[in-house]
Amino acid sequence: MTMRAKELSTIDRNILRVLQKNGRISYAELSRQVGLSATPCMERVKKLEREGVIQGYSASINPEYLDAALVVFVQVSLERTSKSIFEDFRKAAENLKEVQECYLLSGSFDYLIKARVADMAAYRLFYGEILLNLPGLKDCTSFVVMEQIKETLEVPVVLNK
């Protein structure tokens, strides 16, 4: 059985809040910030990892250093010519290195893709040679990001009352 939100204690929530800000924090500092001694704190972190609440740790990288400074959102509509078209599209989208996120949506289009490329020339190439050749593609509309206001992977952690 996995942990659910209502089963997370205030200390667990504090641990999650701190780790989202700094996944490299030492157990000593983490335990100090959440008001627990080091061993019980480490045990709680390990339990949160085992239960799948903490899914992993990663580094936040400046995309400009990897030729991925341009963000483009693409609305995708599919031809509904076969039952497998959504699965075929999903598999193809999962394998595109430029695609950071892809969501199946309800509404006037089927998928929303967030892609990162070096610049507009790279996007034209990605669009013409890759996007337009995705299985089942009926139509797509692109939105180029002019300025990034906020980007985060943090999930809001509400502390118990």
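**Notebook: helix packing and aromatic pairs**

I looked up helices H1 and H3 and found them roughly perpendicular to each other, because angles of 65 to 115 degrees are classed that way. The contact (heavy atoms within 4.5 Å) involves Ile11, Asp12, Ile15, Leu16 and Leu19 of H1, and Cys41, Arg44, Val45 and Leu48 of H3. I sorted the residues of this contact into seven nonpolar, no polar and two charged; Ala, Val, Leu, Ile, Met, Phe, Trp, Tyr, Cys and Pro count as nonpolar, Asp, Glu, Lys and Arg as charged, and the others, Gly among them, as polar. The axes of H1 (residues 10-21) and H3 (residues 38-50) come within 11 Å and cross at roughly 80°. Axes are lines fitted to C-alpha atoms over the stretch in contact, with angles from 0 to 180 degrees between N-to-C directions. Helices are DSSP runs of H or I with at least four residues, numbered from the N terminus.

I note that this is a predicted model, in which local features need pLDDT of at least 70 and side-chain atom pairs count only at pLDDT 80 or more. Residues are numbered from 1 along each chain, and side-chain values use heavy atoms, without hydrogens and water.

I next examined aromatic pairs (ring centres within 6.5 Å; planes under 30 degrees apart stacked, over 60 edge-to-face, the rest tilted) and recorded four. Tyrosine 123 and phenylalanine 126 form a tilted pair, with ring centres 6.1 Å apart and planes at 45°. Tyrosine 123 and tyrosine 127 are also tilted, at 5.9 Å centre to centre and 45° between the planes.

I checked accessibility (buried under 20% relative accessible area, exposed over 50%, partly exposed in between; 1.4 Å probe, protein chains only). Tyrosine 123 is buried at 5%, whereas tyrosine 127 is partly exposed at 27%.

Terms used: Helix = DSSP H or I, 4+ residues; strand = E, 2+ residues; numbered from the N terminus. Parallel < 35°, antiparallel > 145°, perpendicular 65-115°, else oblique. Phe/Tyr/Trp six-rings, centres within 6.5 Å; stacked < 30°, edge-to-face > 60°.
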